[in-house]
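Thanks for coming, everyone. I have one structure to walk through today. Please bring it up on your screens.

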Amino acid sequence: MEQRKRQPGWLRGHAIGCVMFVVLWSAASAQLRYTVAEEVNEGTVVGSIAKDLGLDKSTLKDRKYRIVTSDAHPLFSVNHDGVLYVSRKIDREEVCAQSSSCVMNLKTVLENPLEVHYIGVEVLDVNDHSPFFQEEKTTLDISESVLPGARFQLKPSRDPDSGHFSVQQYKLSQNDYFRLEVKDKGEDGKIPILIVQKPLDRELVESYSLMLTALDGGKPPKSGTMNIIVNVLDVNDNAPFFTKDVYSVTLQENTPVDTKVIQVNATDLDDGPNGDVIYSFSKSMNQNIWNLFDIKPLSGEIIVKGLIDYEKKDRYEIEIQASDKGVVPLTTEKSVIIKIIDVNDNAPEIEVTSFSSSIAEDSRPETTVALISVNDLDSGLNGKVICSIDGDDHFALSPSLQEKLFSLVTKSPLDREKQSEYHLTITAKDAGQPSLSSEKTITVLVSDVNDNSPEFSRSPYTFYVNEANEPGISMFAVKASDHDENNNALINYHILRSGSEENKFSSFLNINSETGDIVALKSFDFETLKTFQFQVVATDSGTPPLSNNVTVNVFILDQNDNTPVILYPLSSNGSAEGVEEIPRNVNAGHLVTKVRAYDADIGYNGWLLFSLQEVTDHSLFGLDRYTGQIRTLRSFTETDEAEHKLVILVKDNGNVSLSATATVIVKLVEPKEAFAASDVKSAAKVDEEDNVTFYLMIILGAVSVLFLISIIVLIAMQCSKSTDYTSKYLQETNYDGTLCHSIQYRSGDKRYMLVGPRMSIGSTIVPGSHANTLVLPDRRRTSEEVRYI
């Protein structure tokens, strides 16, 4: 504010010029108008109204010349001489805000007689902030021995204005010994630097008073000044010097704080304060050194201040300053070299690069899995690293040409089916004392290769299928597995179809390619087909695919699907009906006849039982349920009827029995008639047996050619036996009445026989065969044999 009150002469001259201009303009328009800059001092003359209006100055006081205003503190006043002046400072921004033109209309009054005059005052905007220094005066102590070119940075000026109205330049008052240099630091402003231009001589000039002026960019520019007092000090003409040319020391890393590193020593030939030396670090030294080291100012001892780490830096060069205590201190700098000694305080670091987490199982030995790099921040033996691997004998570390770089390679063939992943621990150990080590575990996955063929759960397969199966229904299934995985283990099944005899039944079968379920396309008939085999091929989906095949043996199990067939009695028209004549004088137990029957089924399904379904007299005849023999139970009497009808029921032993009936008419004759008729009946017997054989061939031919042969052989064998001539009408008495038969066949190293209910002593029942399969001693026939008995 004080600077604003002291208006420079140029501003007053400018105001006068403006007033003069307005006076000339006013003469033409008969109206006064003045201009004045804002922020002018109180009392600043704006213009002489009396002179410009031509008023008599001597009468103004009596006529009470004044400005009419309601403001208690008006901006303008007029004195008794008719001079208009500023009564208080004008702030244009307060009076006119942001208006481009700021004109204040004043009303002046004269009494006796009354005169009113209107005056306009325009307030001009100005650069209303001047540069200023924080200190109005500063003192510099400069030794007389300072050389030309010495630089001394001064505190800069500040200006609340910005941009062009801020400080733009500095000016130094005229002198022969100093000059001014301005350093532009961008946003930090302009810094004045005082430079010694000529050698100083304290004996000629003890001090210099310089005026430093800061100018802003206003038009006209505003300025601020600072008085600079330069005191020329007496010469301290001997600088301190160090006792050693080179200071060098070694220091172990991790040395405790406050440990003494080295002590420097400097001397000064001057006496008194000029010879007293103090030590310090150079101000230009890196901040990191300030954080790690400190120096005692009086003794010159350098001590540890922070953590010393060899891995961050192994050498420090510290600039030490030795300064005397002269009025103008002299300083000497010396470098101290501190070499850091490594300590084994860093464990090796393991880095895995170019890592293939998966490797094919068919990879050859020496295949690279990963690159392992190890690093130890220590040096020498402390940084020498030995790398090893633990975990499996299938992998090894192979050193490369580049130091501390290893290749993880396979050492032996891999097999995913035995082990699909490996957890390998890599250990890095340095050679320091004590030694430090680190570990890193990596997981290597073994990817599958199609190197395993499908394997069936059994080989060969043996299945038992009931005859009369429903076509299209799954009968059995084969199952194969593959030790590989994914597509390599995805199995498809198909039946091997070829023109060979052993595969001729494969055309009746179909297989689900995904599940291995096998269905028959037709029903099987045990009486036609007892067993067959075929081959199933399992193929995986690998590239290339691998396959395997298995033989499937199928045995057809008999079902009770054949009704018993009556072989005797058999009439000429094909019905099961016959007539037997016996003498009346036969005794009890006499064999009347024997009902013969046949069932194409085997085992219990073909085991026949006989029972009397209808008889005229239960006391006369009895029937053996197993043999079908009809015998007399007692002797005949005169009262017994001469003809008796017997209806015999023949049924098998299946779960659901099937049956047939035969009718036998027994006629009682006198003994003489019986002998007379024997010759005739013998002849008829031959014809009857021929007819029986004929019908038998027709029936069995529909079932199987094999059974037809067996029946013919059976009849031939029975007919060759001796006849009991006690009765010409009966067959041999020891015939059991059931056509038991057996089928022998070979499978592998064993022979099997499917038999009826009468089993051989010492035979073994094979489980699962419905108790109709016997294991026979191996006769080592050259081919599969089928026999019928």
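Which residues form a nonpolar patch on the surface? They are Leu114, Val116 and Tyr118. Together they have about 320 Å² of accessible area. Take leucine 114. It lies in the loop between strand E6 (103-110) and strand E7 (115-124). Leucine 114 counts as exposed because its relative accessibility is 63%, and the cut-off for exposed is over 50%.

A word on the source: this is a predicted model.

Now the overall picture. The protein chain has 789 residues, and 43% of them are buried. Its secondary structure comes to 8 helices and 53 strands. The chain exposes about 42400 Å². Carbon and sulfur atoms supply 50% of that area. On contacts, take residues at least 6 apart in sequence: 66% of those contacts join residues at least 24 apart.

Next, the strands. Start with an open sheet of 4 strands, in the order E24-E26-E29-E28. The pairing is antiparallel. Which strands stand at the edges? Strand E24 (349-353) and strand E28 (395-399) do. Each has a single partner strand, so one side of each is left without a neighbour in the sheet. On average, neighbouring strands of this sheet are turned by 30° against each other, direction ignored. Look at E28 and its pairing with strand E29, residues 405-410. There are 5 bridges between them, and the two run antiparallel. As one example, alanine 396 stands opposite valine 409 in E29.

Move along to strand E40, residues 547-557. It is joined to strand E33, residues 461-466, by 6 bridges, and that pair runs parallel. There, threonine 462 stands opposite asparagine 553 in E40. E40 is also joined to strand E39, residues 531-540, by 9 bridges. E39 and E40 run antiparallel. These two strands form a hairpin, with 6 residues between them. In that pairing, phenylalanine 534 has valine 552 in E40 as its bridge partner.

Now a loop. Valine 327 sits between strand E22 (315-324) and strand E23 (331-341). Is valine 327 buried or exposed? It counts as exposed, because its relative accessibility is 59%. Leave aside the neighbours within four places in sequence, and valine 327 is in contact with Leu233 and Asn274. Leucine 233 is 94 residues away along the chain, yet the two C-alpha atoms are separated by 6.8 Å.

Last topic: charges. Side chains of opposite charge can pair when their charged atoms come close. How many salt bridges does a search of the whole structure find? It finds 14.

One of them joins arginine 88 and aspartate 71, at 3.9 Å, N to O. The two are 17 residues apart. Arginine 88 is in the loop between strand E5 (83-86) and helix H5 (92-95). Aspartate 71 is in the loop between strand E3 (66-68) and strand E4 (76-78). Arginine 88 is partly exposed at 30% relative accessibility, and aspartate 71 is partly exposed at 39%.

Another salt bridge joins lysine 190 and aspartate 184, at 3.8 Å. Here lysine 190 is partly exposed, at 24%, whereas aspartate 184 is exposed, at 52%.

Then there is aspartate 448 with arginine 416, at 3.1 Å. Salt bridges with shared partners join Arg416, Glu417, Asp448 and Glu485 into one network.

That's it from me.

How values were computed: Residues numbered from 1 in each chain as written. Predicted model: local features only at pLDDT ≥ 70, side-chain atom pairs only at ≥ 80, totals over all residues. Heavy atoms only, no water. Patch = residues over 30% accessible without salt bridge, like charges linked within 9 Å, V, L, I, M, F, W, Y side chains within 5 Å. Areas by Shrake-Rupley, 256 points an atom, 1.4 Å probe, with all protein chains shown as cover. Salt bridge = Lys/Arg side-chain N within 4 Å of Asp/Glu carboxyl O. Buried < 20%, exposed > 50% of the residue type's maximum accessible area, 1.4 Å probe, protein only. Contact = heavy atoms within 4.5 Å. Pairing = 2+ DSSP bridges. Axes fitted to C-alpha atoms, helices over the stretch in contact; angles between N-to-C directions.
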